[in-house]
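Open the model in your viewer and keep the selection panel at hand. The stops below go from a loop to a helix pair, then to the cavities and the confidence values.

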Amino acid sequence: MTTWLSTLDEERLHRVLRDRPDAAAAPEPRALGELADRLQRPGSVALAVARLPLPALQVAEAVAALGEHGDRAALAALLGQRDERAVRRLDEALTTLADHALVWPADSDELRMATALREAWETPLGLGQPLEALLSAATSEDLRSMLTKLGVKAAGNTKAARRAALREHYGSAERILAVVAKAPPRTRQLLERRAAGPPAAHRGIVFGSPDPAPGADSRWAEERGLLMRERHGYGRLRMPAEVALALRGPEWRAPFDAEPPTVDVVPVGDEEVAREAAAAAGAFAARAASVLKECADRPLAVLKSGGVGVRELGRLAKATRCDEPLVRLVLECAHASGLLSRAGNQVVATKAYDAWAEHEPAERLVTLLRAWWGLPMTPTGARDEEGKPVPAMAPFVSCAGCVQARRGLGAALRGLPEGHGAARPPQVGTLIPWHRPMADELPQDSTPFASLIGEATTLGVLAAGALSPLGAALLDDDPAELAERAGRLLPPAVSRVRFGSDLTAVAMGTPSTRLMTLLDSVADRESDGTASLWRFSPASVRRAMDAGHGAAEIEGDLAAVTDQPLPQPLSYLIADTARRHGQLRVVSALCVVVGEEPGLIAELAAHRRLAKLGLRRVAPTVVVADATPKDTLAALRTEGYAPVAESVAGTLRVERPPTERAPAPLPRPRTAPVGEPELRALAAGLVRGPVDAREPDQDREIPYDSDTEELLASNAGQLPLADRRQLAHAIHEGGAVTIAYVSGAGAHTVRTLSELDFDPPFLYAWCHLREDDRVFALGRIQSVMPAAATATG
C-alpha cells in the first residue's frame, strides 16, 4: 500500500483521507508507511466496508475470494462483466474501493487489497481456501490415504510428490465431477449444499458460514480430499475453492448488481422542493418547541428499566396535540443534543434548553437536525422484533446499521435524476440497501425503511420526493451551509398575534418563547405548526389569575403583543372572570375548633399562649389551627379549657387509653445434644474442606480461568462468578444454557440458547423459545443455568 500511496497526487490522497475519517482524525503520520499501516487495521477496514455501496461491496468480496494473486481479468471473468457498460461499472466500483484504500492496482493488471479485507468474510462468495492452502495442513500419511482412495499414484513417496499429485488430479473440473459422481447420494447432496455456499444473509461482514457437524456423509468426502480440515486433526471442515467452483458449473458468476433498483420519478422544481421542505421543517420546529416546553414545565417519569414509557409518551402527546412518533423523534434528538437529561427517576430540561428556547426557529431546527443525523438508532422505532413496546430515551446499544440507513437514504435521494423526485416516496426505501448494504431497518416497517422515510419527511430532509437543501447540507457534512439554508427556509420567530372576536389568538409562523409562554398561561393552544392558534375561556383566564396575575396585568400583557385593540368579548371575559374569582376560598388547616359562644372563640384567637397553634378565626364560632387535633386538645386543656374531640361525621369521639400487655415469650427451640465426637468430626471436616474460590481480579493478580471469562466479567459484571463460568463453559464446549433475560422493553423472560457465538458486548445464539437466531446484550442477562435445569422453550 505504501508504494501505491506514493503514486497518488494531493487531491487523490485527500480523497482517501476524507473517505476514511478514522485516518484523517488521527495525528498526521510521519511517513506514508505509518498511514498505510493505519489504513489496514481491522477496525479501520471494517469502518470503510460499512460505507460501501452494493456494487463496490460485491467487488470487494470477489477480490477477497480471488486471494493474493487476483488480477483484473480474473475479477471480470468471475463477475461475468464483459460488455462495455458493465466494464465501466466495474471500473467505478474499483475506483470507489481505491478511494477507501481497500483495493488498489499494482504492477501490470494485478490487484492488491488491505490485509484485513480478506478477514471480513469467513467464506467470501461462499468459497473456502484454495486447495494448495488446505493441502499444506495435511500430513504425508493423510495425502497417501487420499491418493489411495482416488486410485491415483504419486511420482514418489515424499509429501511434496503426493501433494503435487493430488493438486494435479483436482486441477481439472471434469475429474472433480467424476469423483463426486461416485459418492453416495447423501454425500453428494452434502457436497452440493456446501458448494452452493451459505445464504447471502450469512455471507456478510458479521456472520460467517456455519460448519456442519461431521458425520458419515462428510467422512466419505473427507477421505478423498473433497472436504479438508484447516489444521491436521482438528479445525473446521472446509471445501477447497476448486471443488466448489467445479460443482457450481462453468456458467456460475459472482453477483454484481451494477445498477440500482428502478424507482418511478416525476419532474420537480427546486422551488417546489424548498417550499415543501420549509413547511415541514417549520411545523416540526414549532411542535418541537411545544413538546420541549411541556417537558420543561412537567418533567417526564422514567421507567425502572430505563427510558420513558408508552403511558408517559401518550400523556405528552395528548398535552401537546402531537402524535407519538413525533414525540419520540423530538425527545431522542433533544436528548442527543443535551437539551434533556435524566435526573433520578425523571427526565428534565437542562440549562442548554433555556438557551435553545431563546434562539430563532432556524437555529433550533439545526440543533435537532444535526442530532438526528448522528443518532445511533431510529428514534421513531416503537416496537421491537417481538412486537412489544419500546420506551423512548432508553439506554439501548448503538445501532451502526441505523446510521448507515440514514446515509443510504441521503445517497439514494442524491442519486435520483436531476430535477426529478420519487413519484411515491416510500419507493425510495428500496434504494437504501443498494447504496448502504449494511443498513438496518425496523421490524415494525411495513415497507422498506418506512420509519426512516417518515422521519426524513417530518424534518424536511425529504420533500416532494427529492433531497431538500437541508438534506444536501447534512449529506455534505457542512454545518455552516446547513445553518445558512435553514435560515433561508425558516422565517424568524413571530412576537405578534392577531386576536379574534371569537376569543382566539393566531400567530402566523413559529411563536417566540416569550409569546408562547404568555399565551399558554392565559389560553389553551388548539393547533400549532405553520400557524398556531390559542382559544380563551373562563377556565384558561382563571388559570392565569390563580397564578397571581390580575385582570389589568393580563389585559396589558395581551395588548402589548398585538397591533390592534383587544376585542370587546375578550375584555368582557377577563373582567367577568376577575369579578367571580375568589368569591369562594379554600383554607388549609390541620384541625378546626367550633364553639357555641362567639366570645369564647374570640378569646381563643387572641390568647397569647395559644399562638403556637396558629389559630385563625374564619367565622364567629369557628377557628382553624395549624396544629394536629391531638396537639390542639392538649394545649387547650393545659390552659384550663375543656374541649372534646369530634369525629369526621360530627359524633363525639370517646378517648380510652389503650391497654398494653407484654407479648407472650417464645418457646425455646428443642435441640438434639451434640457429643464431643460429632464436634471433632465437624471441625476436621471444616479444616479439610475446600477453600472458597476467590473472585478473579487482575489488580490483585488473581487470574481468570480463560479470556472468555475475563471478557464476560467486563461486559456482564452483574452476573455472579458461577454464572459467568457456566456461560464461558457453554461457549467453549458448544453447549446449551438457560438464561434469565430482561428485554429492552423491561420484560423478563427465560430463554434456552444453543449454538452460542460470543462477540462482546453481544451473544449470538439459537433461541429455543422463538426458534430463530437472536442477539442478546450481555448486560441484560440476569442469571445463567444449565439447559437441563429447565424445560427448553
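**Stop 1: two loops**

Select Pro761, which lies in the loop between β20 (748-759) and β21 (762-767). Strands (E, at least two residues) and helices (H or I, at least four) are DSSP runs, numbered from the N terminus. The peptide bond that joins Pro760 to Pro761 is cis, and its omega is near 5°.

This is a predicted model, in which local features need pLDDT of at least 70 and side-chain atom pairs count only at pLDDT 80 or more, while totals for chains, interfaces and linings use all residues. Residues are numbered from 1 along each chain as its sequence is written, and side-chain values use heavy atoms, with hydrogens and water left out.

Next, select Arg321, in the loop between α17 (310-320) and α18. Its phi is near 55°, a positive value in a residue other than glycine.

**Stop 2: a helix pair**

Show α16 (residues 270-297) with α18 (residues 324-336): they pack at an angle of about 75°, and their axes are 10 Å apart. The angle makes α16 roughly perpendicular (65 to 115 degrees) to α18. Axes are lines fitted to C-alpha atoms, for helices over the stretch in contact, and angles run from 0 to 180 degrees between N-to-C directions.

For the contact (heavy atoms within 4.5 Å), select Phe284, Arg287, Ala288, Val291, Leu292 and Cys295 on the α16 side; they meet Leu326, Val327, Leu329, Val330, Leu331 and Ala334 of α18. By class, the residues of this contact are 11 nonpolar, no polar and one charged.

**Stop 3: cavities**

The structure holds three cavities of 30 Å³ or more. A cavity is a set of points on a 1 Å grid where a 1.4 Å probe fits but cannot get out, and lining residues have an atom within 4 Å of a point.

Which residues line the largest cavity? Select Thr378, Ala405, Asp440, Glu441, Leu442, Asp445, Phe449, Ser451 and Leu452. The volume of this cavity is about 40 Å³, and its lining has four nonpolar, two polar and three charged residues.

**Stop 4: confidence**

Colour by pLDDT, the predictor's confidence in each residue, from 0 to 100. The protein averages 84, and 88% of the residues score at least 70. Select residues 201-213: their pLDDT is below 50, and the stretch has 30 contacts in the model beyond near neighbours in sequence.

Notes: Angles under 35 degrees count as roughly parallel, over 145 as roughly antiparallel, 65 to 115 as roughly perpendicular and the rest as oblique. Ala, Val, Leu, Ile, Met, Phe, Trp, Tyr, Cys and Pro count as nonpolar, Asp, Glu, Lys and Arg as charged, and the others, Gly among them, as polar. On a 1 Å grid over the protein atoms alone, a cavity is a set of points where a 1.4 Å probe fits but cannot get out, and a pocket is an open set with protein on both sides within 12 Å along at least five of seven lines; lining residues have an atom within 4 Å of a point. Grid points are joined across faces, edges and corners, and a volume is the space filled by probe spheres set on the points.
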